[in-house]
Amino acid sequence: MPIRTAAHSIEIESYVETHLVQQQPGLIHARENSLKHGIPTIAVSTVQGKFLSLLTSLSGAQNVLEIGTLGGYSSIWFAQTTKARGGKLTSIEIDSSRREVALQNLQVAGINVPTEAEILLGAALDVLPKLAEEISAGTRPKFDFVFIDADWENQWRYFDLAVGLSKGKGSVIYVDNVVKEILESGIVGPEKRNETVTPLVEKVGQDGRVEAVVMQTIGAKQHDGFLMAVVK
Ligand SMILES: C[S@@+](CC[C@H](N)C(=O)[O-])C[C@H]1O[C@@H](n2cnc3c(N)ncnc32)[C@H](O)[C@@H]1O
């Protein structure tokens, strides 16, 4: 059967949102306040936020690391889940004005900074080694769940470092927008492939530390998908 129902993917997502996602003033405010401050509308969809929250619960995660905060929309979903377990969200953002908006949004959503969430300012490749030092010094716990949602160029380096920062067996590393990246970098599809870069999926496939899969999604963000890895 042809995937004719994909034509209705946006309506389906809206139907799901109406019936399965409770309206939360803090999350609605985060979207509106981000828009007001000129932040691009590239946060996860509401349904994906709920999915990430359920996945965090399912994995039993207490300490979540997010790379790429933007206005803190996905941060709120994570922090609500980790807060309920006595844990914490740590997020990294390179842009100071976006970080400021994220801090406002977390506060309005009832998330205490820094006890329930921290937004660290800087380039992830500079911040991640500092987190590793703090973990080694015993001043910071290891992470059970890492959400990678920043620049595509460094995805493999983030992934590699994230495995090292994770608690170990059963920890989850989730990389967003991997299907868009597969298409846009010409690994599959009509674009010309950049042969100088080994794509994330191929590197992860050779990484003996994890078991991973990519799931394609269709919804408010059209055709996309994520890579999810579990540490062995
Ligand atoms: C797709 S947005 C994150 C969306 C957010 N996770 C959400 O769903 O609400 C990506 C963010 O990563 C940030 N970013 C890009 N490169 C970065 C880097 N090298 N280090 C840290 N953050 C970075 C961007 O400024 C942007 O705000």
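Let me begin with the ligand, which is surrounded by 21 residues, the closest being Val44, Gly68, Ser74, Glu93 and Asp149, where a residue is counted if one of its heavy atoms lies within 4 Å of the ligand. This is a predicted model, in which local features need pLDDT of at least 70 and side-chain atom pairs count only at pLDDT 80 or more, while totals for chains, interfaces and linings use all residues. Residues are numbered from 1 along each chain as its sequence is written, and side-chain values use heavy atoms, with hydrogens and water left out.

Turning to polar contacts (pairs of N or O atoms within 3.5 Å), a polar side-chain atom of Glu93 lies 2.6 Å from an oxygen atom of the ligand, and a polar backbone atom of Ala124 is 2.9 Å from a ligand nitrogen. On its own the ligand has 610 Å² of accessible area, of which the protein covers 90%, as computed by the Shrake-Rupley method with a 1.4 Å probe.

The shell around the ligand is made up of twelve nonpolar, four polar and five charged residues, with Gly counted as polar and Asp, Glu, Lys and Arg as charged.

Now to the cavity, meaning a set of points on a 1 Å grid over the protein atoms alone where a 1.4 Å probe fits but cannot get out, with lining residues having an atom within 4 Å of a point. There is one cavity of 30 Å³ or more, and about 40 Å³ of space lies in the largest cavity. Its lining includes Val178, Glu181 and Pro199, and by class it holds six nonpolar, no polar and one charged residues.

Methods
Polar contact = N/O pair within 3.5 Å; in protein donor to acceptor, adjacent residues only side chain to side chain. 1 Å grid on protein atoms, 1.4 Å probe; cavity = no way out; pocket = protein on both sides within 12 Å on 5 of 7 lines; lining within 4 Å. Points joined across faces, edges and corners; volume = space filled by probe spheres on them.
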